[in-house]
Amino acid sequence: IGNGGGDQPYHPAVAGEGWDNTALEQTNPAIERMMETCTGITWLKLCSQILRLTGDPSAADEIEKYACNGLLGAMKPEGDGFSYVNLLNGVKTNPVGWGGDVAGVYVTCCNLNGPMGLAYLPYVGVMNSAEGPVIQLYNAGSFTAAAPSGAPVELIITTDFPLNGSIEIHVRPGAAEKFTVKLRIPSWSEQTQLSVNGETHAVTPGTYASIERRWSSGDLIRLELDMRCRVLPAPLGSTPGSDQYAALARGPVVLARDENLDPAFDQPVTLLAHAGCVEAHAETPGLPTTRMQFRIPTVDGPISMVDYASVNSWGGKKVCTWLPTKD
């Protein structure tokens, strides 16, 4: 979900902060504390500086993954707090950590860093290069970038992303000018459609699409990202049996089973997948705090899964992100 850190097996005495091969150990059932919110915000800021220095779009891919999953997944449904650590399987949230009482409220470092991470995202959503604007994140909004001449360029992004992959970007320079607009094509979007005023442009996943032209107010970029639901095999970690899991991701959003909705949330399944994907059909969310809910086919019938960020574990209910598999 875009974060790191754990207590098992390398740092048993560290409260989920040890950057310790969590990419391999994330399915380790012995982990009790992992992925501290402060660790995630530090990672977000590091990726943003790598992005500024190198222009490597993979850094923006990492920011998007953490923003959509780890960061939002740590926030209380009411928005007034952030979990100290975050599990993928089990009780997701844990508010207890480094901190203390402030005017009758228990405040942790993660309660302070979480909002900072949210406030940081607009600074990397749209950026500038010497050639013109660079669009990194596809959240709806209005941004002002700069052409090489220094003249302002307004970019209005209209979309329901990541609920769907349809994105419109209205380009409005103050006056017609030739410059380049770069768009990050996420590495997860294998089949992407891009057009400018109806003219199609070829793109490659994990790179920037660079569109150089004389832009005028009213020019319209249309982007259709690949929102197929991908099956992610578990990493081959060092813990015996920890690789007998699979996870699902739809676009940048990681899905999970929610005990609040499904008492059988942690039972083994056999996914009905084809070419590494499953057919995820949108459902009406069963809870008012659920942003996205999908029906996922399995051999024993469909199961409901939601976006990881929506799972409310603050009352003790559990989450199952790495699904145990029957085979």
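How many Å³ does the largest pocket have as its volume? The views below start there, in a predicted model where local features need pLDDT of at least 70, side-chain atom pairs count only at pLDDT 80 or more, and totals for chains, interfaces and linings use all residues. Residues are numbered from 1 along each chain as its sequence is written.

**View 1. The largest pocket has a volume of about 710 Å³.** A pocket here is an open set of points on a 1 Å grid where a 1.4 Å probe fits, with protein on both sides within 12 Å along at least five of seven lines, and lining residues have an atom within 4 Å of a point. The volume is the space filled by probe spheres set on the points, joined across faces, edges and corners. Of its 29 lining residues, I1, G2, Q26, E62 and K65 are the closest to the centre. Helix α3 gives the most, four residues; helices (H or I, at least four residues) and strands (E, at least two) are DSSP runs, numbered from the N terminus.

**View 2. The second largest pocket holds about 390 Å³ of space.** Among its 23 lining residues, the closest to the centre are A67, C68, L72, L121 and N139. Both α3 and α4 (109-125) give two or more residues to this lining, and the largest share, five residues, comes from α3.

**View 3. Four strands form an open sheet in the order β6-β7-β11-β14, with mixed pairing.** Strands pair if DSSP finds at least two bridges between them. The edge strands, β6 (126-128) and β14 (207-215), each pair on one side only. β6 meets β7 (residues 133-135) in the antiparallel sense over three bridges, and V126 has I135 of β7 as its bridge partner.

Notes. Heavy atoms only, no water.
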